[in-house]
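Here's a quick tour of a predicted model, going from the whole chain down to a few individual residues. Have the viewer open and follow along.

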Amino acid sequence: MGNQMQNSISETRNQKQTSFTFEIDNFSEKEAEISSSIFECGGCKWYVTVHPKGDYCCDHLAVYLNVASPKSLKFGWKKRVSYGFVLLNQSGKELQISSTPEEGSLFCDETQSWGYPKVCPLSKLKEEGFLENDKLIVKVEVKIIEAVHVEEVTGKGMLRIKDFEVPYTQGVLVSKIFVKHPDIAVDFKPKNQVVKTAYMNVLLGLIETLRKPPCSFTDTMLRNAHSELSELTEAGFKLDWLKTKLEEVALERKNAIAGSSRVEELVERIKNMELALSDLKVELKKEIDKAPAASKVLSFDDIL
């Protein structure tokens, strides 16, 4: 096969699950990220990337599953996917397995790639038979647990994310919030869907407010933000990260106000110094004009 990378796809009886095998020859010579060919599963195109010299952890093999053509998917798409990577030797023996939890990982516009930065220590690849004839074989199992896009949502134009109904226009943002803070609503108390939507709207509004420049905040805006944060926390949202951000905004605003006052003070001092310098120039001219004739340089006509 030379330096060619061989790919194969095999569909299981469950049409939502796909097995894809990615073979890389002369693996020890590879330096940069290597991408597989594209395969399909659940109405979506995917590809695998392998980092032969590691990614975040430079001493481990890193492998990722990626959405191949996100722009071809309908607006507001999201796919909850269960996937796993297996390292094989040329005899087909499984040497290493890494897989997601049962609930899978959420792929969406904001997060188009998931995987493992620490599949296997690079030092063990050869030691434990991972690289027969310097070939790395990576098999990925992909199963779609849930697939949603806006066009599949009914006439209200609402999208259900983690049991919260939100406007489809906010779907990407809400999905990103749950990806970055998966435990944000585990203790959320209200059960009524209308009330839950109202609280989510308050949360989204507060996040939007905190995007503004700190110097644009008024005392009233800060008080309202603190009040909303307190209300959301009492309802059960875990928002330590948002509290930290609000404190940062308040501190930056305070420093900005202090800095502005200091600038005004320095400008006033400069003006006063300029006036004083102007007065000194006038006094100096007067003194020069009153200087005694003995200090005057005579012309030739004065002498001849």
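## The chain as a whole

Of the 304 residues in the protein chain, buried ones make up 36%; buried means under 20% relative accessible area, exposed over 50%, and partly exposed in between, using a 1.4 Å probe and protein chains only. Residues are numbered from 1 along each chain as its sequence is written, and side-chain values use heavy atoms, with hydrogens and water left out.

The protein chain has 6 helices and 13 strands. Those are DSSP runs numbered from the N terminus, with helices (H or I) of at least four residues and strands (E) of at least two. Take the contacts between residues at least 6 apart in sequence: 60% of them join residues at least 24 apart. Contact here means heavy atoms within 4.5 Å.

## Helix H3 and its partner

Helix H3 covers residues 193–209, which is 17 residues. From first C-alpha to last, H3 reaches 24 Å, close to the 24 Å expected at 1.5 Å a residue; the expected span is 1.5 Å times one less than the number of residues.

Buried residues in H3 include Tyr199, Met200, Leu203, Leu204 and Ile207. How do H2 and H3 pack, and at what angle? Helix H2 (residues 171–180) packs on H3 at about 90°, with the axes 12 Å apart. That makes H2 roughly perpendicular to H3, a label for angles of 65 to 115 degrees, where under 35 is roughly parallel, over 145 roughly antiparallel and the rest oblique. Axes are lines fitted to C-alpha atoms, for helices over the stretch in contact, and angles run from 0 to 180 degrees between N-to-C directions.

On the H2 side, Leu173, Val174, Ile177 and Phe178 meet Met200, Leu204 and Ile207 of H3. The contact divides into 7 nonpolar residues, no polar and no charged.

Leaving out residues up to four places away in sequence, valine 202 touches Glu228 and Leu232.

Valine 86 sits in strand E7 (residues 78–88) and counts as buried, at 8% relative accessibility. Not counting residues up to four places away in sequence, valine 86 touches Glu94, Gln96, Ile97, Ile137, Val138 and Lys139.

Arginine 253 belongs to helix H5 (residues 240–289). Is arginine 253 buried or exposed? At 13% relative accessibility, it counts as buried. Beyond its neighbours within four places in sequence, arginine 253 is in contact with Pro214, Phe217, Thr218, Asp219 and Leu222.

Here are two C-alpha pairs from the residues above.

| Pair | Apart in sequence | C-alpha to C-alpha |
|---|---|---|
| Valine 202 and leucine 229 | 27 residues | 9.0 Å |
| Valine 86 and glutamate 141 | 55 residues | 8.3 Å |

## Positive phi in loops

Most residues other than glycine have a negative phi. Asparagine 26, in the loop between strand E2 (17–24) and strand E3 (34–35), has a positive phi of about 50°. Lysine 162 has a positive phi near 55°; lysine 162 lies in the loop between strand E12 (158–161) and strand E13 (164–167) and, at 47% relative accessibility, counts as partly exposed.

Methods: This is a predicted model: local features need pLDDT of at least 70, side-chain atom pairs count only at pLDDT 80 or more; totals for chains, interfaces and linings use all residues. Ala, Val, Leu, Ile, Met, Phe, Trp, Tyr, Cys and Pro count as nonpolar, Asp, Glu, Lys and Arg as charged, and the others, Gly among them, as polar.
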